[in-house]
Amino acid sequence: MLFSSITFLYYFLPVVLLLYFLMPFRYKNMVLLIASLIFYAWGEPVYCILMLLSILQGYFIGLRIEGTADSRKAKVLMASSIVISLSILGFFKYFDFFIANVNKVTHLSLPFLRIALPMGISFYTFHIMSYTIDVYRGKVKAEKDILAFMTYAMLFPQLVAGPIVRYADIAKQLHEREHSLSQCYLGSRRFVAGLAKKVLLANSFGVLCTKFQDSSDKSVLFYWIYAIAYTLQIYYDFSGYSDMAIGLGKIFGFQFIENFNYPYISKSITEFWRRWHISLSSWFRDYVYIPLGGNRVSKFKHIRNILIVWMLTGFWHGAAWNFILWGLYFAILLILEKYCFPKWTEKGNAVLSHIYVMVLVIISFVLFNADSLSQAGSDIGSMFGLSDIPFVSTQALYYLSSYGVLLLVGITGSTPLFKVLYEKFAEKGKGAFLFVILEPVVLCSLLLVITGYLVDGSFNPFLYFRF
Amino acid sequence: MKEKLKYRIGIAALAITLFTGSAINCLKPQAEFSDSERRQLKKHPEWSFGSFLDNTYGDKFEDAAMDQFPFRDEFRRIKSYTLYDLFWEKDNNGIYIEDGYAAKLDYPLKEESVQNALTSFRYIYDTYLLGGSSKIYTCIVPDKGYYLAKQNGYPAMDYEKLYSKMKDGMDYSGFIDIRNMLSIKDYYKTDTHWRQEDLGQTAKKIGEKMGIGDSLSGNYTVNTSKLPFYGVYYGQSALPLKSETIKYLTNDIIDSCKVYNYETGKTTGVYELNKLSGKDPYEMFLSGAAPLLTIENPKAIENKELIVFRDSFGSSLIPLLIEGYSKITVVDIRYVKSSILKDYIDFDNRDVLFLYSTLLLNDSYSLK
């Protein structure tokens, strides 16, 4: 089920909210668990079993790890849980990629599985892996209450597209959490804001990207419009989803990790990755990069560590070479920033640094969205006039004028400008009293406009559902 | 204090919006048809374990939830206003408004589709007309985009190429170009079609090219329907465009003609006025979509017949040609297979006119 659907907004959510707040605390996890099962089964009924198996192995192995005094046995148990999790992920997500490459190299015709990727598998696998590793490391106590553990692993706000919430962060909240008027309001506000980002902005940019892909009147300008639109689409799509997840979590009394912090204002790629998909990059940092030695090793090993982590980050996003290349592209940029021009990225001209980051990020997302490496090469080449297309075309001009305002809103909205203005007028300024009425009116109006967009059945996929 | 008040008002407002929407959704009886969109609405699917497991139930439920949403048209209108007035987007669902005329973005030229149409027409020529004594003509009706799109900065199909391809591909027929006879004012503002009351001169030109120009009097009485007309783009644009009026032309000959519909077996007049109050009032012209019709002119001086292969644009033009013929057979090969036409039509020594719009030629895969 999608957050941005009529089914979720006007059928599922009201019922869940009603039941959740009517039930006494001891039943609240049960309500969330059942709701999460329905939420997942609505889109992937068969894969519910797979998810449950994955969760149960994490739960039982976690208990065994804690229950054993033998550190070697604990290590084996932890490793076995990781192997199980990665085997499931590898089988469902990477098997066909592996076969395709074997076929290519050996000229064999091994059959493909051609099975649909289970929704959210990359996210819940990482939830469970972080849990068993943390139990092994003694960072958290193993969860004895199976209901609480399943609620953690399946919590519908963050189940299918993150943020990757670690058990350690919400272990306490699973057993005791506060529900307050302020939490409920702030959560609702965050949810509506995320929904607006997704439905009004990301989907509209998605339509523009589709128009570009369907067009036979391409030009250099049109390639850049597409590249910028996709860069905005993926940001609003994913950060919108994270906002909705964090907002829903807040309503139910949970505090989830922030996942985005205005990544497009970064002045270096290093800073960009501190602001983009924070829960994923911190996961790889804590569970791959640091165990490999992090930066406290020789220069050669440090570079190796960066390459491994970013290749895995790319591969996590999808079973295709362009994702791996996308990860390595960032690895190389990070290495260059670290070892070749560290001062320039720290003290360089702010405008130039910002342009440098955005151009490289835009190119990276063209690579990210390509169906193949050859298409990525062709798209990026066309952006720089390296193909036989004109600089401007009628369609490019039309879509630039038609989507101009939306692109401006999208670009401005990816900076903290609106937040700063809001804080100035609504929280500290004289307009604070006005906002007592204005803010709820704006939120309700947004919800109605979003409903209008949804009812009209426009373009509505979540990009991160395929990861 | 102020914050607490804001929280209370905010939660109350959002809860009322969400729960009211939810309650109306659950209680509202399901609608069958959307008048504005002119289509059947999807209804909530019956639950079955099989449909749940194969993942079709959820998709169908969401489709129905969107279609059955209370105040659907009003919500679609909110979206249109947001798109046009807030984000200044130029089209909504591919419909744009220029000078008060709603039109569809129809680009690029789909050459495969044009070729598909040419193949269909060639089949008719090879099967029924080749070697016969029929005089064959082709007339392509420009859609509104021809007069509206390029001039106002909207992407447009390559009309010149389309006309050239059709002319070259139908070298067995005389080509009648009517583009200079028309302007955007000859079309409805809210609909795809042209206005019959403006087609007198166009019909005359076609008639002259077909050798019946002298028979067409050009004298018509203009009749105006009192019912408001909202065209197909009214619903698609979801904007409150003004209603229009349908006008239709009559004279003694048109009034005396009888139209036989092979599909329904009914005989009617040229205009079915009761359809003016139906879901698509434009269907009043020659009964709307019909695979095969004949129009008999009892006042014809000579026995001369015409066969017209057409789309919906033909419905309002063909009545204006009847003065030149004793009988016109009207064929829509979107609804009848070309291969069975010999069972119904005698092609020998008849005039034949292929009358198709650019809209259909650019999306011709419904031709059978």
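The model described here is predicted.

Helix α17 of chain A spans residues 373-383. Its buried residues are A376(A), D379(A), S382(A) and M383(A). They sit on the same side of α17(A), because they cover an arc of only 135 degrees around the axis.

What do these buried residues pack against? Their partners are α10 (220-251), α14 (321-340) and α16 (350-369), which belong to chain A. The face turned away from the buried side looks otherwise: S374(A) and G381(A) are exposed there.

## The domains of chain A

Chain A is split into two domains by the assignment. Domain 1 covers 6-177. Domain 2 is made of 183-267 + 348-455. The C-alpha centres of these two domains of chain A are 29 Å apart.

The two domains touch. In chain A, 13 residues of domain 1 are in contact with 14 residues of domain 2. On the domain 1 side, the elements giving two or more residues are α1, α7 (156-159) and α8 (167-175) of chain A. The most come from α8(A), with 3 residues. By class, this side of domain 1 holds 8 nonpolar, 3 polar and 2 charged residues.

## The domains of chain B

Chain B also has a domain assignment: domain 1 is 2-98 and domain 2 is 110-361. Here the C-alpha centres lie 38 Å apart. Domain 1 of chain B brings 14 residues to the contact, and domain 2 of chain B brings 14 residues.

Which elements give two or more residues to the domain 1 side in chain B? They are α4 (72-86) and β3 (95-98) of chain B. The residues on this side of domain 1 of chain B divide into 3 nonpolar, 4 polar and 7 charged.

## Strand β5(B): covered on both faces

Strand β5 of chain B runs over residues 136-141. Is the strand mostly covered or mostly open? It is mostly covered, with 6 of its 6 residues buried. I136(B), T138(B) and I140(B) point one way from β5(B). Y137(B), C139(B) and V141(B) point the other way. Both sets are buried. In a regular strand, side chains alternate between the two faces of the sheet.

β5(B) has strand neighbours to pair with. It runs parallel to β14 (residues 351-357) of chain B, joined by 6 bridges. Within that pairing, I140(B) has Y356(B) as its bridge partner. β5(B) also pairs in the parallel sense with β6 (residues 174-176) of chain B, over 3 bridges. In this second pairing, C139(B) stands opposite I176(B).

## Where the chains meet

How many residues of chain A are in contact with chain B? There are 46, and they meet 41 residues of chain B. The elements that give two or more residues to the chain A side are α1 (6-22), α2 (25-43), α9 (181-214), α18 (394-413) and α20 (432-455) of chain A. Of these, α20(A) gives the most, with 17 residues.

The chain A side divides by class into 29 nonpolar, 13 polar and 4 charged residues. Helix α1 of chain A is listed here for the contact with chain B, and again for the contact of domain 1 of chain A with domain 2 of chain A.

Note on methods
Residues are numbered from 1 along each chain as its sequence is written. Chains are lettered from A and ligands numbered from 1 in the order in which they are written. This is a predicted model: local features need pLDDT of at least 70, side-chain atom pairs count only at pLDDT 80 or more; totals for chains, interfaces and linings use all residues. Two residues are in contact if their C-beta atoms, placed from the backbone, lie within 7 Å. Helices (H or I, at least four residues) and strands (E, at least two) are DSSP runs, numbered from the N terminus. Ala, Val, Leu, Ile, Met, Phe, Trp, Tyr, Cys and Pro count as nonpolar, Asp, Glu, Lys and Arg as charged, and the others, Gly among them, as polar. A residue is buried if 20 or more other C-beta atoms lie within 10 Å of its own, exposed if 12 or fewer, and partly exposed in between; C-beta atoms are placed from the backbone. The arc is that of the directions from the helix axis to the C-beta atoms. Two strands pair if DSSP finds at least two bridges between them. Domain bounds come from an automatic or database domain assignment.
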